[in-house]
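This note sets out several points on the model displayed below.

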Amino acid sequence: MSQTNFKILLIDTDDEMLSIVESTLKSEGFDIISSKNSKEAIKLAVEELPQLVLVDLLMPELDGIDICIDLRHKPELANTLIVFHTERSEDYSQIAAFNAGADDYIIKPVKPRVLVSRLKALLKRHSSHQVEVDTSKLTGLTSDRGGNLIF
């Protein structure tokens, strides 16, 4: 699956940050949806079913943690990756994000090429885990409980 098939929802109140990240990701072939409003972003996520949500921690109304928890409770978004993209670097912020269900936590500022590389790596790994393989037809191979092949 090429990155042109991936849809990313950006959630941030900073116009400049949204613009930079949106143009960077669009230039890499991603489909981008963006929102500056927490509640609108949740509605967009349910309507658009993005493969990845990139959310800032500091949001009005609902913060990034609340958004993450809300998205994780929606069955239609069970396979959506949630990545925090925020200036908050404290341990407790990162721990709270992961406890809420985040897949990654990226601290701003981050160089655009590094951001793209991290998102591509996450999407690539995630999409490869979505492919179901019938390992019973593979001779000499078994899998552990996590689905990893054992030789």
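Which elements each supply at least two residues of the lining of the largest cavity?

1. The elements in question are strand E1 (7-11), H1 and strand E3 (52-55). Of the contributors, H1 gives the most, with three residues. The structure under review is a predicted model, and the points that follow should be read accordingly.

2. The volume of the largest cavity is about 50 Å³. The count of cavities of 30 Å³ or more comes to one.

3. On the overall fold, the chain has five helices and seven strands. Read from the N terminus, the order of elements is β-α-β-α-β-α-β-α-β-α-β-β. Of the contacts between residues at least 6 apart in sequence, 57% join residues at least 24 apart.

4. On burial and surface, the chain has 151 residues, of which buried residues make up 36%. The chain exposes about 8800 Å², and carbon and sulfur atoms supply 51% of that area.

5. Why does Glu28 count as partly exposed? Its relative accessibility is 29%, and the partly exposed class applies because this value falls between the cut-offs of 20% for buried and 50% for exposed. Glu28 and Val116 are 88 residues apart along the chain, and their C-alpha atoms are separated by 8.0 Å.

6. On confidence, the mean pLDDT of the chain is 87, and 82% of the residues reach 70 or more. Two segments should be noted here. Over residues 131-144, pLDDT stays under 50, and the model has 15 contacts beyond four places in sequence for them. Over residues 146-151, pLDDT likewise stays under 50, with 12 contacts beyond four places in sequence in the model.

Terms used:
Residues numbered from 1 in each chain as written. Predicted model: local features only at pLDDT ≥ 70, side-chain atom pairs only at ≥ 80, totals over all residues. Heavy atoms only, no water. Buried < 20%, exposed > 50% of the residue type's maximum accessible area, 1.4 Å probe, protein only. Helix = DSSP H or I, 4+ residues; strand = E, 2+ residues; numbered from the N terminus. Contact = heavy atoms within 4.5 Å. Areas by Shrake-Rupley, 256 points an atom, 1.4 Å probe, with all protein chains shown as cover. 1 Å grid on protein atoms, 1.4 Å probe; cavity = no way out; pocket = protein on both sides within 12 Å on 5 of 7 lines; lining within 4 Å. Points joined across faces, edges and corners; volume = space filled by probe spheres on them. pLDDT = per-residue confidence, 0-100.
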